[in-house]
Amino acid sequence: MIVWLNGTHGVGKTTTSRLLQPLLPDARVLDPEKVGETLMDVRPTLRATDDFQHWDPWRPLVVETARQVLDYVGGTLVMPQTVLVQRYWREIADGLARHGIPVRHFVLHTDQTTLRHRIEHDTDLGPSTFRLSRVEPYAEAARTWLHAAAEVVDTTRASAAQAAEQIAASVLRTAPVGRS
């Protein structure tokens, strides 16, 4: 199974994924951003873009990487990655479904004031213009499709540990039989 943590940049997906992994039996974290980083290393470079998700190979490579890892180790993959383009999410979700891989899709959400404060005062990465530039696209995706396509976890007043516990409880309560 895959537990996909979606949400805007700076909301806490990476931290939550690290805290979630030990709460789920046989779970590992697989960051789809590493697939994008691999594509960024292609030389000469692929066509210019502000986001590697726009490169057509990224989505099927994420699906295939997840499938290969699950076939090799089994268990659950926790995958923290912002996906704000509905078509891209459908490509990934449909690709995983074609391989019989169940997906639990969660969106970590916080109000914009809290989000902007977290981004501007991030002690690990520092303030990020890129992350701030994604606040409005996230809000648009949340309004139009994203929140309807996932289980929303409000992190406005919850720590990453509390969000991880909430997600783990939800996943364990409804774990599918068979390939988990």
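The model is predicted, so to speak of a local feature takes a pLDDT of at least 70, side-chain atom pairs count only at pLDDT 80 or more, and totals for chains, interfaces and linings use all residues. Residues are numbered from 1 along each chain as its sequence is written, and side-chain values use heavy atoms, with hydrogens and water left out.

Start with the loop between α2 (33-40) and α3 (58-73), where Asp51 lies. Helices here are DSSP runs of H or I with at least four residues, strands are runs of E with at least two, and both are numbered from the N terminus. Is Asp51 buried or exposed? Asp51 counts as buried because its relative accessibility is 17%. Buried means under 20% relative accessible area, exposed means over 50%, and partly exposed falls in between (1.4 Å probe, protein chains only). Gly36 is 15 residues from Asp51 in sequence. In space, the two are 8.7 Å apart, C-alpha to C-alpha.

Now turn to charge. Side chains of opposite charge can pair when their charged atoms come close. A salt bridge is a side-chain nitrogen of Lys or Arg within 4 Å of a carboxyl oxygen of Asp or Glu. How many salt bridges does a search of the whole structure find? It finds 12.

One of them joins Asp50 and Arg134, with the closest N and O atoms 3.7 Å apart. This pair links distant parts of the chain. Asp50 is in the loop between α2 and α3, while Arg134 is in the loop between α6 (129-133) and α7 (135-146), 84 residues apart. Asp50 is exposed, because its relative accessible area is 53%. Arg134 counts as buried, at 12% relative accessibility.

Next, look at helix α3. Both Arg67 and Glu64 lie there, three residues apart, or about one turn of the helix. Their side chains meet in a salt bridge of 2.5 Å, N to O. Arg67 counts as buried at 19% relative accessibility. Glu64 is partly exposed, with a relative accessible area of 29%.

Another salt bridge brings together the side chains of Glu136 and Arg116, at 3.9 Å, N to O. Here too, distant parts of the chain are linked: Glu136 is in helix α7 and Arg116 is in helix α5 (residues 112-120), 20 residues apart. Glu136 is partly exposed at 43% relative accessible area. Arg116 is partly exposed at 30%.
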